[in-house]
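Have the sequence and the model open side by side.

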Amino acid sequence: MGQLCGKCMKLLQDFVSFVKRMSSSLVQRIKECLVMISECFCLKRNGSEARQLYKPVLQPHEKETAQEFLQHIETGFKMSLLGKNCLEALRKLAFSENPGLQQSAALYYLHLSQHLTSQLPEEHLEPYYALLQSSDVEVQQMSSLSLVNFLLEGNINRDLVVQMGLLEPILELLELEDFTVQCNACACIMTLAASESNREAITSAGGVIPLLALANSYDPRVQQNAVGAILNLTQSEWIQQVLCREGALPVLTLLLESPDTEVQYYSCTALSNLAANSHHHEAMLRTGEGFLLRTLISLLSSSVEKVSSQACVCLRNLAVSAHIQADIIAMDVLPQLLSLLASNSTDVQQASIALLWKLSQHPGNQDTLTCGEMLNTLGRLLLTHKTDPVLVGHAACIIKNLILPQNMQRIMESSCFEGLLYTILSSDVQEEPLHYVIACLAELAKHEGSALHMLQWMDESLIKCLVKLAGQLQHTEPSFQAASIIQHVICHEKVRSLLKYHITEIQYYLMNFLTHREIRFQQLGISTICKLQEDPEFSSAIRQSQLMEHLERVHQQTEETQKLLRVVISHMDI
């Protein structure tokens, strides 16, 4: 460390004064004890015996160390606060049986943790083993707090703390009755549990049960840090099983109703992690008559965005089976979802639309979801969030799930068509969500009424876009879906007139379709050519192109295949 600033210099001077006062007070107390003992009647009978009864509270080497430590602090601005002499003094003070000396070491570490800007050397962790196991509450409080500070500021490697054997004394602090000590110990565990190897070590050392007990603490700080530690432990699949076996599910479920929003968030996120594994669903949903689902749905209305967002994630992870999807819709979740989709928070919108997509997969929910307000909301999201791949992709998938004959009129009356069509024209849309948008439009084009409805948006730019996408065979699905849309609307004169500006590009992708290894591409290419030949201009262009040669080749291959099939079938009949 370099030259200390004025603020740190003042802190050191205050610290020196404190230690001096404490040492002076301690020495004065020793004198008083000696006087009282020497004046006792029992000692006057045998002076030599009395001298052997007293053992000084401060051992000579401890007193010498304390003096050296004070001298080192006084000159600390001239030398490193992490030097060898300082470390040696800290070791002696920390391993002393005298609480006052241990407090000096703990206070020094606390000061250091608030000002250190570099890594704490590994050897400086050794005194913590004694300080954390001290019988003095103040030493426990200060040493555990300084350790938390070092961990949070990144001055100590998390894995090193466990490797140095400090996990056991930290876990022992969880069993103490002092709230401050418990709070700091939970914070240590929560920070250490961010590492996979540390999570396993904490669980193997028996850390789960005391953390679950402190999750019900009356002290909000202790409860918050305990639940935070449990949250980090749920990131391991193996530890999830241990948590469930030790009764974590009812504890976390009840904490969803905590008045502390941070505890709500931690417990909800922990449950989301558990719900990501479907093996836990039965046990999670067993609590009460739909208690977990009702509580999560109530959290959707939370004014704290991260709480409502995480409630969406948990519900989405639980909504794997059709009956859970139906149960959630039956609990009148739609108004909350509509409100969340209109949120100004991107995280909230993304979490809520992902849940809505999951719910839309159940056929029984589709009629409820196909309401005008929901469809218009999805359309607005497509129009206003073209650059958000999560919102665009999920919105297109939801609309596609809702495409049923009985729903077509409501879809056509909404802004969904406009949103989908303007999305594929946008240059800002990413490749993956664009695939979902084209697939949705291709599904809509299969229905005669919606295909006619689509015509009002058909113009030069849209046709050009579809032809371009159809020709990009490196993207198999978008290419097929774009060509499918063209094939379904090609019978209309307006579309044919627009396509005539792109005859060369159309011939190119049709030729590739005819030679494609997938039969569906060949069939789509042939059906498109059939419809194009109804127009004289297209018919003439096709006859003069290489398409006729490819068609003849396909025809010959088909005839040969039919002959082989007839032979095989005839042999089977014998």
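## Around T269

Start with T269: leaving aside residues up to four places away in sequence, T269 touches L231 and Q310. This is a predicted model, by the way. T269 is found in helix α17, which covers residues 261-275. Is T269 buried or exposed? With a relative accessible area of 11%, T269 is buried, because the cut-off for that is under 20%.

One of the contacts of T269 is Q310, and Q310 is among the buried residues of α20. Helix α20 takes in residues 305-318, and its 14 residues should span 20 Å at 1.5 Å a residue. The C-alpha atoms at its ends are 20 Å apart, so the two figures agree.

## L255 and its neighbours

Now jump back to helix α16 (residues 248-255), where you'll find L255. Its relative accessibility is 6%, so L255 counts as buried. Not counting residues up to four places away in sequence, L255 touches A215, Q223, V227, V263, Q264 and S267.

## The largest nonpolar core

Some background first: in soluble globular proteins, nonpolar side chains tend to be buried together. In this model, the largest nonpolar core has 171 residues. Which residues have the most contacts inside it? They are I170, L444 and M458. Helix α11 (residues 179-192) gives the most to this core, with nine residues.

Zoom in on L444 and you can pick out its contacts, again without residues up to four places away in sequence: I403, M408, I411, F417, L420, S450, A451 and M454.

## The largest pocket and α31

The largest pocket has a volume of about 300 Å³. Its lining is made up of 17 residues, and I424, L434, C465, K468 and L469 lie nearest its centre. The elements that give two or more residues to that lining are α28 (416-425), α29 (431-445) and α31 (460-470). Sorted by type, the lining residues are eight nonpolar, six polar and three charged.

Which element gives the most to the lining? That's α31, with five residues. The buried residues of α31 are L462, I463, C465, L466, V467, L469 and A470. Among the elements covering them are α28, α29, α32 (476-489), α33 (493-499) and α34.

## A buried loop residue, H516

Last stop: H516, in the loop between α34 (503-514) and α35 (519-532). Is H516 buried or exposed? H516 counts as buried, because its relative accessibility is 13%. Its contacts, not counting residues up to four places away in sequence, are L473, F521 and Q522.

Notes
Residues are numbered from 1 along each chain as its sequence is written. This is a predicted model: local features need pLDDT of at least 70, side-chain atom pairs count only at pLDDT 80 or more; totals for chains, interfaces and linings use all residues. Side-chain values use heavy atoms; hydrogens and water are left out. Helices (H or I, at least four residues) and strands (E, at least two) are DSSP runs, numbered from the N terminus. Buried means under 20% relative accessible area, exposed over 50%, partly exposed in between (1.4 Å probe, protein chains only). Contact means heavy atoms within 4.5 Å. The expected span of a helix is 1.5 Å times one less than its number of residues. On a 1 Å grid over the protein atoms alone, a cavity is a set of points where a 1.4 Å probe fits but cannot get out, and a pocket is an open set with protein on both sides within 12 Å along at least five of seven lines; lining residues have an atom within 4 Å of a point. Grid points are joined across faces, edges and corners, and a volume is the space filled by probe spheres set on the points. Ala, Val, Leu, Ile, Met, Phe, Trp, Tyr, Cys and Pro count as nonpolar, Asp, Glu, Lys and Arg as charged, and the others, Gly among them, as polar. A nonpolar core is a set of buried Ala, Val, Leu, Ile, Met, Phe, Trp, Tyr and Cys residues joined through side-chain atoms within 4.5 Å.
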